[in-house]
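Biologist: I've got a chain to look at and a few things I'd like to ask about it. Can you walk me through the model?

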Amino acid sequence: MIDYKFVKKPIVVEAFQMTKERRWDNSEWPNWLNKAWQLRVGEMGGVWCIDGSEQLFCGTLEGNVAISFNDFIIQGIQGEIYPCKPDIFENTYEGVKE
């Protein structure tokens, strides 16, 4: 018998919600996001702005993607970085107690 329905395996990712205030004050940024900021513009896994603007972008497996304010920036299980809209994030992820 062929399976047609699957359940996503539970995985733990790290995420950070990028607000307008956090855009300019990186004191709360996690280490992995600070490291991504140090990569070259356009590099996969990097986060950058162009000419000091407030608009952020990240290099994903699918290409360069804009990050909107209040999007969550996720670091996946292989170190990849990608944005996620807040409503999708809330429906997909829940907090993990450490």
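Biologist: Let's begin with charge. How far apart are the mean positions of the positive and negative charges of the chain?

Modeller: Keep in mind that this is a predicted model. The chain carries 10 positive and 15 negative charges. Their mean positions are apart by 3 Å.

Biologist: What percentage of the residues of the chain count as buried?

Modeller: The C-alpha atoms fill a box of roughly 55 × 30 × 20 Å along the principal axes. The accessible surface comes to about 7300 Å², with 52% of that belonging to carbon and sulfur atoms. Out of 98 residues, the share that counts as buried is 32%.

Biologist: Now Asp71. Is Asp71 buried or exposed?

Modeller: Asp71 sits in the loop between strand E4 (63–67) and strand E5 (72–75). The cut-off for buried is under 20% relative accessible area. Asp71 has 3% relative accessibility, so Asp71 counts as buried.

Biologist: Which side chain makes a polar contact with the side chain of Asp71?

Modeller: The side chain of Asp71 reaches a backbone atom, the nitrogen of Ser68, at 2.9 Å. Beyond four places in sequence, the residues Asp71 touches include Phe16, Met18, Cys84 and Lys85. The side-chain partner in a polar contact, at 3.2 Å, is Lys85.

Biologist: Asn70 is in the loop between E4 and E5 too. What is the phi of Asn70?

Modeller: Asn70 is partly exposed, with a relative accessible area of 39%. Asn70 is not a glycine, yet its phi is positive, at about 80 degrees.

Biologist: Asp51 also has a positive phi without being a glycine. Is Asp51 buried or exposed?

Modeller: The phi of Asp51 is about 55 degrees, and Asp51 is found in the loop between strand E2 (47–49) and E3. Exposed means over 50% relative accessible area. Asp51 reaches 81%, so Asp51 counts as exposed.

Biologist: On to the rings. What kind of aromatic pair do Trp29 and Trp37 form?

Modeller: The count for the chain comes to four aromatic pairs. In the pair of Trp29 and Trp37, the centres are 5.5 Å apart, with 80 degrees between the planes.

Biologist: What kind of aromatic pair do Phe72 and Phe89 form?

Modeller: Their centres are 3.8 Å apart, with 5 degrees between the planes. The pair links distant parts of the chain, with Phe72 in strand E5 and Phe89 in helix H3 (residues 86–92), 17 residues apart. Phe72 counts as buried at 10% relative accessibility, and Phe89 counts as buried at 11%. With planes under 30 degrees apart as the cut-off, the pair of Phe72 and Phe89 is stacked.

Biologist: Which residue do ring pairs link into a cluster with Phe72 and Phe89?

Modeller: Ring pairs join these two phenylalanines to one further residue in the cluster, Tyr93.

Biologist: Thr60 next. Which backbone oxygen lies 2.7 Å from a polar atom of the side chain of Thr60?

Modeller: Thr60 has its place in strand E3 and counts as buried at 8% relative accessibility. Leaving aside neighbours within four places, Thr60 is in contact with Met44, Val65, Ile81, Tyr82 and Pro83. A polar atom of its side chain lies 3.1 Å from the backbone nitrogen of Glu62. The backbone oxygen at 2.7 Å belongs to Gly63.

Biologist: Last one, Leu61. How far apart in space are Leu61 and Tyr82, C-alpha to C-alpha?

Modeller: Leu61 is in the loop between strand E3 (56–60) and E4, and at 57% relative accessibility Leu61 counts as exposed. Beyond four places in sequence, Leu61 touches Met44 and Glu80. Leu61 and Tyr82 are 21 residues apart in sequence, and their C-alpha distance is 8.3 Å.

Terms used: Residues are numbered from 1 along each chain as its sequence is written. This is a predicted model: local features need pLDDT of at least 70, side-chain atom pairs count only at pLDDT 80 or more; totals for chains, interfaces and linings use all residues. Side-chain values use heavy atoms; hydrogens and water are left out. Buried means under 20% relative accessible area, exposed over 50%, partly exposed in between (1.4 Å probe, protein chains only). Accessible areas come from the Shrake-Rupley method with a 1.4 Å probe; for residues, only the protein chains shown count as cover. Lys and Arg count as positive and Asp and Glu as negative; His and the chain ends are not counted. The place of a charge is taken as NZ of Lys, CZ of Arg, CG of Asp or CD of Glu. Helices (H or I, at least four residues) and strands (E, at least two) are DSSP runs, numbered from the N terminus. A polar contact is a pair of N or O atoms within 3.5 Å; within protein, one must be able to donate a hydrogen and the other to accept it, and residues adjacent in sequence count only if both atoms are side-chain atoms. Contact means heavy atoms within 4.5 Å. Rings of Phe, Tyr and Trp (its six-membered ring) pair if their centres lie within 6.5 Å; planes under 30 degrees apart count as stacked, over 60 as edge-to-face and the rest as tilted.
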